[in-house]
Amino acid sequence: MRHLMNPLDFSVEELDQLFRLARDMEADMPKYAHSCAGKKLATCFYEPSTRTRLSFESAMLNLGGSVLGFSDAGSSSASKGESVADTIRIISCYADICAMRHPKEGAPMVAASYSGVPVINAGDGGHQHPTQTLTDLMTIRSLKGRLSDLTIGLCGDLKFGRTVHSLINALVRYDNIRFLFISPEELRVPDYITEMLKEKGIPYEEVIRLEEILPRLDLLYMTRVQKERFFNEEDYVRLKDFYILDKAKMKLASEDMLVLHPLPRVNEISVDVDDDPRAVYFKQAQYGVYVRMALILTLLDWAGA
Ligand code: NCD
């Protein structure tokens, strides 16, 4: 049984196939309107979410399937002390596939090892967020026309941002990628990531000021400071508005630099950037539906369901 815990669980060829399927779904939704008829998706969310959970549900509904689940741990038996292992055994009796978000790193992996149905990691603590990465890759592939030969700036909370960790992980498999990490000292990308980049010989730089590197970027991936992963409020307050991308800064960027953001946005992108054609974060959220449709259908096919 195949699950999705980490973007690397799929080969580059499998990802490519997935993106082609997602593009086809985008072009011809009615063709897939009954592809998952009679199938059920369980969304088990132990942590808040808007986009991820609703885009999973929307994806399954677009495929003609149905959805069930819970959107916070308090309304599930976790509040009575049930383990993830037991919960997933039960979910396996009720649904054909499960998307799980959990504050504990590795929890969806534990679930997968006890599950009778495919499990998709919908975000585990500060660790990974593979379906956001699929969304990001599809956005880049669709709007830039390639996933190689890119200079990518990642800006904001590079320490706790799981979308950042997942995306770097996935991008290193493509040719001629360069990273520019833009963060305050306290929110630098974890050492295990820079070690991995050094090992693979992938060029990266770490800088504090966004302005100085903006003109060099093909893509700017902005992120929110992850309030919920801070140990004290004071540090969060000091760092939360460290970066604010606004119209003036966008003038420094090239004509075809794209701005991505996994959302939710807090203050890190000023609303006056939203009308800039280079700001593609709302389009990105739309791609998230197609790519999740393709993922659900692919995993169900592989499971022979
Ligand atoms: C991200 C997450 O949950 O990690 N949101 C999302 O799924 N689009 C990013 C974030 O919360 O900052």
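**The ligand site and its surroundings**

Reply: The backbone nitrogen of Arg53 lies 3.1 Å from a polar atom of the side chain of Ser49, and the backbone nitrogen of Thr52 lies 3.4 Å from a polar atom of that Ser49 side chain. Both are polar contacts, that is, pairs of N or O atoms within 3.5 Å, where within protein one atom must be able to donate a hydrogen and the other to accept it, and residues adjacent in sequence count only if both atoms are side-chain atoms. This is a predicted model, in which local features need pLDDT of at least 70 and side-chain atom pairs count only at pLDDT 80 or more, while totals for chains, interfaces and linings use all residues. Residues are numbered from 1 along each chain as its sequence is written, and side-chain values use heavy atoms, with hydrogens and water left out.

Ser49 is placed in the loop between β1 (40-45) and α2, where helices are DSSP runs of H or I with at least four residues and strands are runs of E with at least two, numbered from the N terminus.

Thr52 also belongs to the shell around the ligand, together with Arg51, Arg101, His129, Gln132, Arg162, Thr163, Arg224, Gln226, Pro262, Leu263 and Pro264, each having a heavy atom within 4 Å of the ligand. By residue class, the shell divides into three nonpolar, five polar and four charged, with Ala, Val, Leu, Ile, Met, Phe, Trp, Tyr, Cys and Pro counted as nonpolar, Asp, Glu, Lys and Arg as charged, and the others, Gly among them, as polar. Both α2 (51-62) and α6 (162-171) supply at least two residues of this shell, and at least three come from each of domain 1 (7-128 + 287-302) and domain 2 (131-284), with bounds from an automatic or database domain assignment.

At another part of the shell, the peptide bond from Leu263 to Pro264 is cis, with omega near 5°, and Pro264 is found in the loop between β9 (258-260) and α10 (281-302). For context, most peptide bonds are trans.
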